[in-house]
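Q: I'm new to this one and would like a close look at a single part of it. Pick a loop, please, and walk me through it slowly.

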Amino acid sequence: MKNKFIIALFGISLLSFVGCTDLEEEILDESLEGSGQAEVISGAIAPAYGQISWTWRHTNYYGLQLIPADEAILPYRGGTDWYDGGKFLEAHSHEISAANDLVSSSWNEVTVNISRALSAIEVLTPLAEEGNTEAEGALYEMKALRAYLNMLMLDSWGIAFKKESSDELSEILRAQEAIDYIESELLSVVDLINTTKGPGRINQATVWGFLARLNLNAAVYRDPYGTPDFTAQDMANVITYTDNIINSGAYSFSPEYFDLFNDENHDNPELIFALDQRGVLNREHSRWAYWSLAGSWFPRPEFPSADGTDGPAITPDFYQTWVDAYGDVDPAEADARFYQENQIIPEALQDLIGFSPLNDEDHYYCMAAEDYEINRGIIRGVIWGPRKDDNGSFYTCDEGYRIYPVKQTKGNGPDKDVGYVNHELQVDFTNEGRLHSKGYRVSKYQFSHTSPNGNNYSSVDLVMMRYAEIFLMRAEAKLRTGDNTGALSDVNTVRTSRTAREPIPAALTAIDLEILYRERGFELYWEGFRRGDQIRFGHYEDSWTEKTDSNPLHRLFPIPQNAIDGASNVESYLIQNEGY
């Protein structure tokens, strides 16, 4: 594989990262069968699919979508943790520089992923031309993957890279040219790509979903700094592509919302596209599970090293959207998507008045490791979990492990070692608001029970596209073209589909853009959509906790300075985005 593409995009320092594709990466059983050329084919596509894990790592592209939106905030915890050069503080307040590491690491991983997809295309093309049908099918997947990755570039930096050979310099496209290129790539494969492979591989429904996303956001991509003009044709296209998925009958809603993010979710009928993480690769990690959780909390008592990181919390502003929607009813009592109670604290232990970690030695209940499961959704108040003794081992009992109110063991706050972890709503950049326990947390993904240490070799697929999003995209397209009745029906289909347990959200009686924006937040929170939603619905310039910036030029991120410097041998090749 030639390295010109890598040099042009972001400098020589990353050559060793990509080099030639790593044929040691594995692809799982829904990939290719057989040996010989089949192994060559799977060896070509595995690095491209596997790289998605690093692209969407919490401190790469996932964090870049999460932290700048109003749904998450990551302060400098206690003045000791998560400063990381200020990159998360800058991202949240929209005061990002071209040297911000969150931006540059995200850029690097997406461009590496594009490079790996191109490498696979170069391997597969001659095999496909020779009549190898497996290679031909894999080639369609890689072209669709490259288009998807370019859509990530367009969404965050306003550019796409057009490149058919590693011997060429990429052509940089913006606005309508970029939209047309990505759309042409997807349309070139949509009627040819497989229709049967599972969510770990791109299939026809995935491509339809990509086309729907592209058309839904086309108005923003054409004019990223202006007021979006949602054309009737764009919205008609969204409806057509989402209709194709819905009418295929291949997908259905998961009755239990949190099953979407559990072990064995690979076979959940709602998943359309997911990062396949069925316990094979060390990189299959629980980052989306543990990033937000308290560093003093251990969700798997079998593994003393598996804990949270006291990373991001939800903002008080995002929490308020739930409160505003349900009024006097606690959101946990109104919407099963908000919370799932898995830990039933014995009634005799629930009153913690007069107790602290200094006098609660006997204030616990017992639970077998295989039966222990932390609560899910938005986590508030005092949390419960296993506790370590002075030697770093968990306290045990006849039935397994002692489950206590979690002792605050992290940071340097006044509650360290003497108080419980008590997640309070207010979290900000002040000395008080940045303490380790501050902020409600998100526990959306399960800690994998198949992992040998609670972190690596997770079997929980990371969800990239699911059936509910398809209905919400169709609802938005209908609403923007005056079909309020159809939009309301689609939104209510999503709201009332989670029937496994109470409370099932009640059907809405009316719909408008603000309610739809809110509903997307409730259904898709912390899945990487909120930043784009805020831009599309006109809320990215709003103020929220620790963010007052209202500059529309900040809708796009800066192109990393090291990328511009690395391409400086080609005059005007990479031009910095406006506002930076």
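A: First, the labels: helices are DSSP runs of H or I with at least four residues, strands are runs of E with at least two, and both are numbered from the N terminus. Keep in mind that this is a predicted model, where local features need pLDDT of at least 70, side-chain atom pairs count only at pLDDT 80 or more, and totals for chains, interfaces and linings use all residues. Residues are numbered from 1 along each chain as its sequence is written, and side-chain values use heavy atoms, with hydrogens and water left out.

Now go to the loop between α4 (61-66) and α5 (87-93), where you'll find Trp82. Look at its backbone: Trp82 isn't a glycine, yet its phi is positive, near 70°. Asp84 sits in the loop between α4 and α5 as well. Here, too, phi is positive in a residue that isn't glycine, at about 50°.

What about exposure? Buried means under 20% relative accessible area, exposed means over 50%, and partly exposed is in between, using a 1.4 Å probe and protein chains only. Trp82 has a relative accessible area of 16%, so it counts as buried. Asp84 comes out at 42%, which means it is partly exposed.

As for the backbone, phi is near 70° at Trp82 and about 50° at Asp84.
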